[in-house]
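This report covers strand pairing and the chain contact in one protein complex. The sequence and structure come next.

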Amino acid sequence: MREKAEAQIAAESETALPTIVIGMATCGLAAGALETKKGFEETLQERGIEARIKSVGCIGHCYAEPVVIVHNPGFPPILYHQVTPGKARMLVRSFLEDGDPLFEYMLGAMEANDMIPAVGDFPRFNREERVVLDLCGDIDPERIEAYIARGGYAALAKALQGQPQGVVAEVSDAGLRGRGGAGFPTGRKWALAAGAESAGKTVICNADEGDPGAYMDRTILESNPHQVLEGLALCAYAVGAKEAVVYVRAEYPLAVKTVTRAIEQAVRWRLLGKDILGSGVDLDVSVFQGSGAFVCGEETALIQSIEGRRGMPQHRPPYPVEKGLWGLPTVINNVKTLASIPRILQGGAEWYRTIGTGKSPGTAIFSVVGNVTHPGLVEIPMGVTLRSLIFEVCGGIPKKKRFKAVQIGGPSGGCLPAEFLDTPIDFDSLSQAGAMMGSGGMVVMDEDTCMVDVARYFLDFTQKESCGKCTFCRIGTRHLLDILERITKGEAREGDLDLLDELSRDIQGGSLCALGRTAPNPILTSLRYFREEYEAHVYEKRCPAMVCRALTAFYIDLDKCARGCDACVGSCPVEAIFTTLNRKKGIDQSLCVKCGECMVACPPEYSAVCKVSPPEKAPIIERPAKAAEG
Amino acid sequence: MADTIEAEEREMVEDITSFLAGYSKERRHLIPLLQTIQQRHKYLSEDAIRLVAGHLELSPCEVYGVATFYNQFRFNPPGRNQIKVCLGTACHVKGGDIILENFERKLGIKDGETTLDREFSIERVACVGCCALAPVALVNETVHGHVAPSKVEGLVLGFQLAKEKAERERRKEASGERQGTD
């Protein structure tokens with residue numbers, strides 16, 4: 001089988017044609033990859049050049065989208081960033097026709113060579129270690145041959161020749177911990193399910209990635225769905241399940257499409273479905289679309305929603321491995337966990353243990369977003385420090401701003417200040433610091449971020465997403481949110497900060513599932529590490545970061561304002577900016593919605609727009625009477 | 001206005017009845033059925049809920065209870081152009097709520113509403129997973145990254161201009177035809 005796939009892929013690459021590889025996952029598409037592709041196609045046709053265009057998933061450099069890699073025979077493969085259709089046209093003409101690779105547009109060469117600096121020399125590529133994401137952005141996710149030719153499904157074929165216990169043992173020995181957030185040992189979960197006596201068992205791939213700010217599960221499914229399916233098949237074989245469900249959020253239409261097509265292909269190649277590879281093992285895989293409820297990421301709630309009910313968490317025990325979907329033993333694993341399995345079986349437990357730390361072997365995948373220079377998807381070995389991830393891999397904080405905090409683990413996680421930058425990233429160190437690994441969302445915040453506002457944001461989210469089953473979670477989070485809203489509006493009362501703390505602890509104790517138990521984390525960590533910021537809001541009615549809109553105001557510094565420049569007037573969405581008698585500008589505070597557009601619009605040589613907190617500090621400039629407007 | 005909605009709903013009922021028969025009466029079909037209906041008709045009408053409940057032998061309350069639990073389902077007709085503003089963490093840190101407000105102000109409707117001419121509707125969504133491009137807004141299926149308040153104005157203006165142009169051409173055509181018949 002592998003030879004057949006290899007032959008197909010090799011036949012295509014041997015033709016010595018230039019190949020243009022375009023990243024076409026959701027983020028690439030959002031940045032305009034489709035137009036870029038069209039640009040390439042049109043120009044190639046116009047100029048009569050023969051070249052292949054290959055769509056791949058996410059290459060991981062989200063800051064540089066649309067990303068294109070050009071393989072031109074005689075040159076190393078070169079990575080180009082922000083390739084607009086115009087640049088696409090130039091690349092075809094200069095590089096493919098005239099052999100000038102256009103240094104100004106490139107990020108670097110993909111391989112070490114004598115001509116062009118290689119991306120491997122950049123800190124990002126040095127620090128990264130791609131184990132799970134290895135093939136993402138390299139192979140065409142729409143073609144099973146591409147995956148098989150790179151060794152895909154070999155682990156499954158080999159496992160089918162041995163015993164299921166062998167697979168469980170290998171995963172246990174590798175020390176893999178569930179990448180969904182909690183870090184439960186995967187091998188132990190599988191062993192429990194394998195030992196359960198039951199006529200039917202199910203395995204579920206949890207791709208209900210509801211965390212705002214996290215998107216690696218989506219990216220893996222869009223870029224390399226077969227690796228996940230192989231992991232799913234291995235899991236099913238190991239525990240003796242004949243049915244598998246891939247639970248994907250309906251908000252990820254491309255991921256749904258990619259994985260559905262991948263299942264069809266795998267069934268056709270007899271890698272899933274009836275009698276897999278002639279071994280007599282069956283596995284029926286279906287896709288279930290989640291409908292947008294954050295709490296359904298919790299396994300018992302997820303099962304409820306597949307069964308056609310409200311996704312409310314249930315008491316555990318019994319755990320799903322004893323009594324899950326339709327009352328049968330069920331193993332639920334995250335996308336990243338499953339995608340790690342084929343790699344572990346290929347390389348062996350011993351090899352896997354050489355990556356990462358003793359208690360958290362393997363790699364961690366983070367989507368690093370927010371105020372960093374190079375946001376994107378990063379895979380690093382466990383144990384790398386936060387500092388190294390944020391400053392080396394992701395390029396640090398843009399615009400010479402200062403680092404303030406990093407929020408890890410989404411609404412269930414916490415904010416860590418600069419003192420924690422040297423914390424190694426692994427399950428245990430992070431929870432010790434008060435954050436958690438969570439699903440791997442990481443939001444970096446600079447000095448312009450208000451921690452009270454961030455806590456309010458997360459509480460708003462968890463409060464809306466609470467299923468309502470537990471009183472503490474339902475009403476308690478509402479109370480917390482009310483208090484935070486009062487604080488951000490400068491209407492805080494005496495004792496509010498103590499109340500926040502007390503109520504948070506009660507909610508942690510009185511909730512059934514992790515949503516409620518972790519909902520107060522953003523408040524507790526920010527209270528602990530940024531208490532003075534809360535105090536400024538409460539006692540001085542001032543927002544130090546100048547974010548909370550009720551506590552800040554914009555004004556125009558008349559000494560800096562240029563006569564006759566109208567940039568701010570045009571940018572204001574509510575016409576709050578007017579021209580004073582001497583043709584300078586003023587802001588009508590009663591109309592201003594504090595969107596900050598004028599600050600962006602004001603030419604940097606003037607930078608006349610200023611921000612103050614509390615708002616009373618803004619000088620009042622009268623709008624002149626009618627005469628001036630005429 | 002009311003007529004068009006009535007006609008739409010009649011059509012929806014017919015369509016749903018025709019494909020419901022293809023599903024067995026098991027409860028596990030509930031969410032996939034609601035998703036299919038919403039995909040085909042953009043929202044779930046009262047009749048749609050009733051039909052699904054009847055088919056699966058559940059009470060309409062039960063079906064409505066499940067449907068309202070999930071963020072995906074909507075119960076009123078959306079606009080022809082659906083605007084979704086992402087309010088994920090990265091978008092929040094970069095000012096997503098200001099973008100939402102600006103759309104609301106420009107179109108004169110609030111989050112979850114549809115303009116009277118059914119041209120636009122606005123929704124907030126939790127996270128579309130394009131965090132590196134924050135703040136993000138979706139207009140129909142197109143993802144717009146790095147949205148700024150001024151970009152919002154451009155987008156809305158673009159739609160208005162396109163509409164006015166179509167209107168002018170329609171009128172021109174109509175007048176041309178009239179002249180032809182004279």
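## Strands and interface

Strand S10 (residues 363-370) of chain A is joined to S11(A) by six bridges, and the two run antiparallel. Two strands count as paired if DSSP finds at least two bridges between them; strands (E, at least two residues) and helices (H or I, at least four) are DSSP runs, numbered from the N terminus. The model is predicted, so to speak of local features needs pLDDT of at least 70, side-chain atom pairs count only at pLDDT 80 or more, and totals for chains, interfaces and linings use all residues. Residues are numbered from 1 along each chain as its sequence is written, chains are lettered from A and ligands numbered from 1 in the order in which they are written, and side-chain values use heavy atoms, with hydrogens and water left out.

S10(A) and S11(A) form a hairpin with five residues between them. S10(A) also pairs with strand S14 (residues 441-446) of chain A, through four bridges and in parallel. Some of the facing residues are listed here.

| Residue | Opposite residue | Strand of the opposite residue |
|---|---|---|
| Ile365(A) | Glu379(A) | S11(A) |
| Ile83(B) | Ile122(B) | S2(B) |

Eight of the eight residues of S10(A) are buried, so the strand is largely enclosed by the rest of the structure. Buried means under 20% relative accessible area, exposed over 50%, and partly exposed in between (1.4 Å probe, protein chains only). In a regular strand the side chains alternate between the two faces of the sheet. Thr363(A), Ile365(A), Ser367(A) and Val369(A) point one way from S10(A), while Ala364(A), Phe366(A), Val368(A) and Gly370(A) point the other way, and all are buried. Strand S11 (residues 376-381) of chain A is likewise largely enclosed by the rest of the structure, because six of its six residues are buried.

In chain B, four strands make an open sheet in the order S2-S1-S3-S4, with mixed pairing. Strand S2 (120-125) and strand S4 (142-144) of chain B stand at the edges with a single partner strand each, so one side of each has no neighbour in the sheet. Strand S1 (residues 81-86) of chain B runs parallel to S2(B), and six bridges join them.

Chain A gives 53 residues to the contact and chain B gives 41 residues, where contact means heavy atoms within 4.5 Å. The two chains bury about 3,600 Å² between them, 58% of it on carbon and sulfur atoms. Buried area is the accessible area (1.4 Å probe) that two parts lose on being put together, summed over both. Ser291(A), Arg310(A) and Tyr457(A) supply 16% of the area that chain A buries against chain B, more than any other three residues.

Three salt bridges are counted between chain A and chain B, each a side-chain nitrogen of Lys or Arg within 4 Å of a carboxyl oxygen of Asp or Glu. A salt bridge links the side chains of Asp97(B) and Arg549(A) (3.2 Å, N to O).
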